[in-house]
Amino acid sequence: MVDPLLLAKATYVLGYTNIIGLLLVLFSCRCIYGIKPHRLVKSKAYMLLFRYHCYYWWFFIISVALHAILAIPAFGNPFL
């Protein structure tokens, strides 16, 4: 059996990776309101960030899934 304190710490760290992944997805998206896409395409910094947009989604989804999987044994099922 895994130490509950270790599960709680891992869940906490994964919560921060969820926030980082969400910010990466949002800031690399071309659909941000108020920013015109043709201006973004001209920016080399944005294109470097946008190049990995699909990978940011995978990072975010895996982080959320691991966060949920580790949180249930650490803190219990909130619906029971």
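Predicted model: local features only at pLDDT ≥ 70, side-chain atom pairs only at ≥ 80, totals over all residues.
When its neighbours within four places in sequence are left aside, H53 is in contact with V25, S28 and C29.

## Helix α4

After the helix comes G76, a residue whose phi is positive, near 90°.

Besides H53, the buried residues of α4 include Y56, F60, S63 and A71, and the buried residues of this helix pack against two other helices, α1 (4–27) and α3 (44–50). An α-helix has 3.6 residues a turn, so residues three or four places apart point the same way.

## Cysteines C29 and C54

C29, which is among the contacts of H53, is partly exposed, its relative accessible area being 23%. C54, by contrast, counts as exposed, with a relative accessibility of 55%.

The cysteine sulfur closest to that of C54 belongs to C29, and because the two sulfur atoms are 11 Å apart, they are too far from each other for a bond, given that a disulfide requires cysteine sulfur atoms within 2.5 Å. By this rule the count of disulfides comes to zero.

Methods
Residues numbered from 1 in each chain as written. Heavy atoms only, no water. Buried < 20%, exposed > 50% of the residue type's maximum accessible area, 1.4 Å probe, protein only. Helix = DSSP H or I, 4+ residues; strand = E, 2+ residues; numbered from the N terminus. Contact = heavy atoms within 4.5 Å.
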